[in-house]
Amino acid sequence: MRIRTLSEYQVAYKKSVETPELFWDEIASNFQWKKKWDKTLDWNFTEPNVKWFVNGKLNITENCIDTHLETQPDKIAIIWEPNEIGEEFKTFTYRQLYHEVCTMANVLKNLGVKKGDRVCIYLPMIPELAFAVLACARIGAVHSVVFAGFSSSAIADRLIDAKAEFIITSDGMSRGPKAMNIKEIVDGALDKVDFIKKILVINRMNSIVNMVAERDVWYHDANQGVSDECPAEEMDSEDMLFILYTSGSTGKPKGVVHTCGGYMVYSAYTFANVFQYEPDEIHWCTADIGWVTGHSYIIYGPLANGATTLMFEGIPTYPEVDRFWSVCDKHQVNIFYTAPTAIRSLMAYGAEPVDKHNLSSLKKLGSVGEPINEEAYHWFERHVGKGRCPVVDTWWQTETGGIMITTMAGVTESPASFAGYPMPGIQPSLVTPEGKPIEGNDVEGYLCIDYPWPSVLRTTYGDHERCRINYFATYQNKYFTGDGVYRDKDGRYRIIGRVDDVINVSGHRFGTAEIENAIDENPAVIETAVVGYPHDIKGQGIYAFVILESHAEASDDTKKSIIDTLVKEIGPIAKPDKIQFVPGLPKTRSGKIMRRILRKIAEGDTANLGDITTLIDPSIVDLIRIAAI
Ligand code: WT7
């Protein structure tokens, strides 16, 4: 399954397009199956209905853990680096990981969790987060990890949508200089949710929390006398493995569903090839397990390859701005996978904090989450990679489960700010907004994928129609990514950014409608329009144009109260960068907000706003423009 040279890539790619089933059949045969599949692929993009490795039976944790017990039981599977430098780091060998996961799996069973049940996991980056994810997978429960930065209200929405009756959380967390009681945040979600059966609480902070008798259970009590062996549940390839919520251009976040067989094969395949993983390399992906990057490239991809994966509880700037680099040296990290926003924020401190570290262990660097600008790319390559390490810019999405377009470290090459070539099995195509195919090279268009790959999302939880409309109905027989892209003369792809109403703030995805709805919850607000604008560090910032009720004052206090509303409705990650009070919004006769104009104003490009004659009240544009921030 390994590609090592450019020509091997070309051969693999050709085969993956000409005989995709044969191609994936061979790759999937490298894994441990309890029963082999009858048919490699069943699909149509109209319903949509995609099934890979039909009737195959497996358990992903056997591939991530048990397999390695035979060959390398004492190899370190997870290195855990805590938030505080004064606290000891921890390591877990594959054997230890096995027992930790089995123990937690048995605890979950004892609490009544059954195959198919949804378990919401709301935890900081502690080892128990990885154990919890794998324990769910072990017993066939569906994990729904919610990033521990979302608010009570956002947790409640996700619990309700997933009908999750079980929660795993902790008493508290510390990230950087801040400590928080996150059990309280979970409790806050339960005002609106009355079907929770059990909450399993990990003690991280020794803090005093409110435990409700019968419902809330400390993990350190529940695991007493529990066996550390737990047979792996037999799962169908197409049984759900997890749900992960992500924002779209409309409404509330949707629960992207991934299934066991295809997701395992694709996350493992891409990990091995994109990073050109070699045995004994130490891999550090700095994402949080609350996002898909953490699912695929902290947990499943690396562990399925028997790698050592590093989990970091803290933030890049605590206690000092060189924390990333000191962790790289401390644990002799070989593969370092991070986000452009992190690189840009660290660049702002200059090269000295990074240059003072040796970083000689680093061999390969990766970037993910948003387009990486050339300046950040070169800084990363020069100062972190010391000019020795290939940088892979990996384009993918929560919905794709794994890396789709990228260079492979040291195998294929691309200029800065180009993601590069499609992975084998990925068939990108470009269309005009109206859906006309754009052939050839040196062209720009909307990015679609024409053929299924093993980890394409199967549905959006509880609402298949939404999945169809969002991804498969815009352009016939194509998966629509929502991204705009340029294909150069050599067939390499450069991602331009979202073409829908999704904004990408520090690698986090928000639907403008989602933020608008949240702001509208504030009693001072009549209506809001939100757009993204270029932001030096975050990639995009959130710019909110707000119409106030007549009784409300256009003051800083009102702005603060709007920010508080957003923090309450979504979480601190959704704080707007700019709020402008406006007397009205530019609307067309049909009542649609002309966001194009607001985007221009937010970008500060007010000289040429284009045609505004179709607006009901064109004069509003001037009023907004002169007061722009
Ligand atoms: C959106 C997906 C799975 C990665 C983490 C974010 C943007 C992602 C890149 C990249 C340019 C990128 C796209 C995509 N994006 N990676 N390397 N270059 N843009 O996952 O939250 O599902 O967001 O992030 O716009 O559609 P996500």
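**Figure 1. Phe 53, a buried residue with a positive phi.** Phe 53 is buried, with a relative accessible area of 0% (buried means under 20% relative accessible area, exposed over 50% and partly exposed in between, with a 1.4 Å probe and protein chains only). Its phi is positive, about 55°, although Phe 53 is not a glycine. The residue is found in strand β2 (helices, H or I of at least four residues, and strands, E of at least two, are DSSP runs numbered from the N terminus). The structure is a predicted model, in which local features need pLDDT of at least 70 and side-chain atom pairs count only at pLDDT 80 or more, while totals for chains, interfaces and linings use all residues. Residues are numbered from 1 along each chain as its sequence is written, and side-chain values use heavy atoms, with hydrogens and water left out.

**Figure 2. Glu 214, an exposed residue with a positive phi.** Glu 214 also is not a glycine, and its phi is positive at about 75°. It is found in the loop between β11 (198-202) and β12 (216-218). Is Glu 214 buried or exposed? Glu 214 has a relative accessible area of 70%, so it counts as exposed.

Figure 3. Glu 47 and Pro 48 are joined by a cis peptide bond with omega of about -10°. Pro 48 has its place in the loop between β1 (39-44) and β2 (49-54). The peptide bond from Tyr 318 to Pro 319 is cis as well, and its omega is near 0°. Pro 319 lies in the loop between β17 and α11.

Figure 4. The order of the strands is β5-β4-β17-β16-β18-β19-β20, and their pairing is mixed (two strands pair if DSSP finds at least two bridges between them). At the edges are β5 (90-93) and β20 (391-394), each of which pairs on one side only. From one strand to the next the twist averages 20° (axes are lines fitted to C-alpha atoms, for helices over the stretch in contact, and angles run from 0 to 180 degrees between N-to-C directions). Strands β4 (residues 76-81) and β17 (residues 308-312) run parallel and are joined by four bridges. Trp 80 stands opposite Met 311 in β17. Helix α11 (residues 323-330) packs on the sheet and touches β4, β16 (282-285), β17 and β18 (335-338) (contact means heavy atoms within 4.5 Å). The direction of α11 makes about 155° with that of β18.

Figure 5. Thr 169 lies in β8 (residues 166-170) and is buried, with a relative accessible area of 0%. Which backbone oxygen does the side chain of Thr 169 reach? It is that of Tyr 122, at 2.9 Å. Leaving out residues up to four places away in sequence, Thr 169 touches Tyr 122, Leu 123, Ile 182, Lys 183, Val 186, Ile 199, Leu 200, Val 201 and Ile 202.

**Figure 6. Thr 246 and its contact with Arg 509.** Thr 246 belongs to strand β14 (residues 240-246) and is buried, with a relative accessible area of 6%. Its side chain makes a polar contact of 3.4 Å with the side chain of Arg 509 (a polar contact is a pair of N or O atoms within 3.5 Å; within protein, one must be able to donate a hydrogen and the other to accept it, and residues adjacent in sequence count only if both atoms are side-chain atoms). Residues that Thr 246 touches include Pro 253, Lys 254, Val 256, Thr 398 and Glu 399, not counting residues up to four places away in sequence.

**Figure 7. The hairpin of β27 and β28.** Strands β27 (residues 479-487) and β28 (residues 493-498) run antiparallel and are joined by five bridges. Val 485 stands opposite Ile 495 in β28. Five residues lie between the two strands of the hairpin, and Gly 491 in the turn has a positive phi of about 85°.

**Figure 8. Helix α17 and its buried face.** The buried residues of α17 are Thr 558, Ile 562, Thr 565, Leu 566 and Glu 569. Seen down the axis of α17, the buried residues fall within an arc of 95°, so they line one face of the helix (the arc is that of the directions from the helix axis to the C-beta atoms). They pack against α6 (152-162), α16 (512-520), β31 (525-535), β32 (539-548) and β33 (578-581). The face turned away from the buried side carries the exposed residues Asp 556, Asp 557, Lys 560 and Lys 568. Just after α17, Gly 571 takes a positive phi of about 145°.
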